[in-house]
Amino acid sequence: MSKLKIGIQKSGKLYNGSIDLLNRADIKFDQTKNQLIHLSKNFPLEIYFLRNSDIPKYVEDGVLDIAIIGNNQLLESGSDIKITEKLGFSKCRLSLAIPKEKLFSNIGFFENKLIATSYPKSTKKFFNDLNISVRIHKISGSVEIAPNIGLADGICDLVSTGSTLENNGLKEVALVLESEAVLIESATITAEKQSTLNELLFRIRSIIGAVNKKYILFNILNENVDDIIHLLPVLKSPTILKLKRPGWSSVHAVIDKEKFWQIVSKIKEKGAQDILVMPIENIIS
Ligand code: AMP
């Protein structure tokens, strides 16, 4: 059986998230970093550790069947490779930033300015679409120091928390694009490999679906059950079981992680007791 070939970053921001996703999908492989290719021990997958910027070309040429890459990198490559799945990690934005002390009222600020970036194509496209002419200075690392050493008027770089900009006396003034890790797929994938990919996607989707959810269970007096049901935006509807102790019920539900504290304080107010909250590994619809 020919094995599905996946490319992932050999180092950098996407490395940990990619390894974590494969681990959670129960794909077992030797994780020592000094080898370019790893074979999975329990899944027909060959894992290639590559330089980020080389990955789109390998997928385009069919050397790799699939890959995990930042959407920003894909857009920068100018390639029209298919995105099969958004993976929900390594979220960041490509933004324009200028020295804090500069006045910025609108994007026209950048007219004829010199911008340092590792993403020249995306930056150029952004300004072309706005009919603003800029000069671009391509640099491959430490972009954020460019304005301080007089190399550029501003930068176009990836921002996650914003602390790198802050530490370098810069302020974010415009969003160029938003990005996250995505799974991309070669156009030349064979039917046999497609079925392996479907199995992998099934696992990945069940993991992504669970990442932002929590499982909550608690006890409540029967007379208060109706008051809390509408507070639980769940998959279908909450499970309500009678407790052995008369007059009490146990309520089980899956809730959105980001609404967790809000929901917990509301149900507590309505009389929920013994609240247990658990992470969910997979959701298979
Ligand atoms: P932060 O200080 O958290 O805003 O991160 C900014 C620094 O991390 C910059 O050097 C970015 O180039 C880099 N960075 C942030 N997020 C990502 C990402 N998802 N992929 C690659 N580089 C990133």
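Trainee: What should I know about the ground rules?

Mentor: The model is predicted, so local features need pLDDT of at least 70, side-chain atom pairs count only at pLDDT 80 or more, and totals for chains, interfaces and linings use all residues. Residues are numbered from 1 along each chain as its sequence is written, and side-chain values use heavy atoms, with hydrogens and water left out.

Trainee: How much space lies in the largest pocket?

Mentor: About 1,100 Å³. A pocket here is an open set of points on a 1 Å grid over the protein atoms alone, where a 1.4 Å probe fits, with protein on both sides within 12 Å along at least five of seven lines. Lining residues have an atom within 4 Å of a point. Volume is the space filled by probe spheres set on the points, which are joined across faces, edges and corners.

Trainee: Which residues lie nearest its centre?

Mentor: K13, N72, Y119, D157 and L158, out of 38 lining residues. The lining divides into eleven nonpolar, 19 polar and eight charged. Ala, Val, Leu, Ile, Met, Phe, Trp, Tyr, Cys and Pro count as nonpolar, Asp, Glu, Lys and Arg as charged, and the others, Gly among them, as polar.

Trainee: And the second largest pocket, what volume?

Mentor: About 210 Å³. Its lining has six nonpolar, three polar and three charged residues.

Trainee: Which helix gives the largest share of that lining?

Mentor: α1, with four residues. Helices (H or I, at least four residues) and strands (E, at least two) are DSSP runs, numbered from the N terminus.

Trainee: New topic. How many salt bridges?

Mentor: The count comes to 13. The rule is a side-chain nitrogen of Lys or Arg within 4 Å of a carboxyl oxygen of Asp or Glu.

Trainee: What does R93 pair with?

Mentor: R93 pairs with E172, the closest N and O atoms being 2.7 Å apart. The pair links distant parts of the chain, with R93 in strand β6 and E172 in strand β10, 79 residues apart.

Trainee: And K213?

Mentor: K213 meets D256 in a salt bridge, 2.6 Å from N to O. K213 is in strand β12 and D256 in strand β14, 43 residues apart. Salt bridges that share partners join K213, D256 and K259 into one network.

Trainee: Is D256 buried or exposed?

Mentor: D256 counts as buried, because its relative accessibility is 19%. K213 is at 23%, so K213 counts as partly exposed. The cut-offs are under 20% relative accessible area for buried, over 50% for exposed, and partly exposed in between (1.4 Å probe, protein chains only).
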